[in-house]
Amino acid sequence: MSKVELIDGVYWVGAVDWNLRDFHGYTTPRGGTYNAYLIIDEKIALIDTVKKAFSGEMLARISEIIDPSKIDYVVSNHVEIDHSGSLPDIMEIARNAQVITSEKGKEGLLRYYRGNWNLRTVKTGDELELGKKTLFFINAAMLHWPDSMSTYIKEDKLLLSNDLFGQHIASSFRFEEDACCPPGYERDVVMEEAAKYYANIFMQFGALILKKIEEFQKLGIQIKMIGPSHGIIWKNPEKIIDAYVNWAKGISAQKAVVIYDTMWESTEIMAKEIIKGVSESGVEASLFHLRRNEWSEIMKEVLESRAVIIGSPTLHNDLFPTVGGFLVYLTGLRPKNKIWATFGSYGWAGGGVKGINDKLKSAGNEPVESLEVRFRPDEMDLANCYAMGQRIASQVKA
Ligand code: FEO
């Protein structure tokens, strides 16, 4: 195992989960990592731990650097068990270590582990001197849980941000500049995964993200490097901070995404005609059948698209169950600054399109137009679908 040193005296001691494919419903085709960081100074601090199953891997990495029993502080930036799962194991070894966490973090850790640990709570502005290095704590409540916080090493200008700025990607590389674009690759795979991660975990917290970035500036926090708790480490943090600002503001590309399910292909025929109208008007468009595509991947397209067009057949006088389930997921993530449109089909009684509209409206998203077809779309219906695609494209370009 080779040591990974981010900066003098700060090591990555996390674990790579190459076979992670499902992260509580979020699909992770590229795997993931759980990042923990070890700081060697007069006092030794471990920032976060890893998922329980990877305790051994983390301890082996730490042992290559120091005897884990010598750890003085374990900072728990976030209670979720992908970061705190190995805390009981490390506390069994580092018996004199103090656990540092937020007030809410203490509540969560005690509920999860009931450990008889020396716990200290911190809030924004609290500091901990390790020797030459000083840890500065920043509360990050709701980014993305009430207990979340980040730890900043003042002298190194290194932000150990926890979930914020992460991505689910397993790589043999630890730094973004190495992992993003292997030779022969045109695509920036780290940014692709960062976008998907933001879309599925942080999209609903855009306003808080903008405030937090402002707060960093007010606190005089200059960031030279970001070590998130998932994925690749950012040596050029402007790239991901700028992307977060754009995503948080709801800035998206001139793209449209059509998302639908279908029973007897009528809604699908409509979807394909709408997308034809959009794309033949010069706007990039993508199409997602809800039972053929992963919802977390669709949400990345929603994040990046200016227009979101959702279609459903009618079942039991209401929308189709997959469309309903997806809308619950989508509205919970609160996409902003989108052009919404809806469409669908029915046989004897309508309800599908109304169901989509009701759900969107209850989340504050007013569709600019809706289109419903009975049984099979005829030539006139198809022309209407195409024209709807054209109008949406015009609005996307406007
Ligand atoms: Fe990576 Fe919120 O846990």
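Phe 165, Tyr 197, Tyr 198, Phe 202, Tyr 244 and Trp 247 come together as one aromatic cluster. This is a predicted model, so to speak of local features takes pLDDT of at least 70 and side-chain atom pairs count only at pLDDT 80 or more, while totals for chains, interfaces and linings use all residues. Residues are numbered from 1 along each chain as its sequence is written, and side-chain values use heavy atoms, with hydrogens and water left out.

**Aromatic rings and charges**

- You'll find 11 aromatic pairs in the structure; rings of Phe, Tyr and Trp (its six-membered ring) pair if their centres lie within 6.5 Å, and planes under 30 degrees apart count as stacked, over 60 as edge-to-face and the rest as tilted.
- Tyr 197 and Phe 202 make a tilted pair, at 6.1 Å centre to centre and 40° between the planes.
- Tyr 197 is buried at 0% relative accessibility (buried is under 20% relative accessible area, exposed over 50%, partly exposed in between, with a 1.4 Å probe and protein chains only).
- Phe 202 is buried too, with a relative accessible area of 0%.
- The charged end of Arg 174 sits over the ring of Trp 12, 4.5 Å from its centre; for this, NZ of Lys or CZ of Arg has to be within 6 Å of the ring centre and within 35 degrees of the ring normal.
- Lys 235 has its charged end over the ring of Phe 175, 4.3 Å from the ring centre.

- Strand 1 and strand 2 (residues 10-12) run antiparallel and are joined by three bridges.
- Val 4 has Trp 12 in strand 2 as its bridge partner.

- Another open sheet has five strands, ordered 12-13-14-15-16, and its pairing is mixed.
- Strand 12 (127-129) and strand 16 (225-228) are the edge strands, and each pairs on one side only.
- Here the twist averages 20° from one strand to the next.
- Strand 14 (residues 149-153) and strand 15 (residues 158-162) run antiparallel, with three bridges joining them.
- Ile 153 stands opposite Leu 158 in strand 15.

**Helix 4**

- Gly 105, Gly 108 and Leu 109 are buried in helix 4 (residues 103-113).
- They cover an arc of only 100° around the axis, which puts them on the same side of helix 4; the arc is that of the directions from the helix axis to the C-beta atoms.
- Glu 103 and Arg 111 are exposed on the other side of helix 4.
- The buried residues of helix 4 pack against helix 2 (81-84), helix 3 (87-93), strand 10 (98-101) and strand 11.
- Just after helix 4, Arg 114 takes a positive phi of about 50°.

**Glu 273**

- Glu 273 belongs to helix 9 (residues 266-279).
- Its relative accessible area is 17%, so Glu 273 counts as buried.
- Leaving aside neighbours within four places in sequence, Glu 273 is in contact (heavy atoms within 4.5 Å) with Leu 382, Cys 385 and Tyr 386.

Terms used. Helices (H or I, at least four residues) and strands (E, at least two) are DSSP runs, numbered from the N terminus. Two strands pair if DSSP finds at least two bridges between them. Axes are lines fitted to C-alpha atoms, for helices over the stretch in contact, and angles run from 0 to 180 degrees between N-to-C directions.
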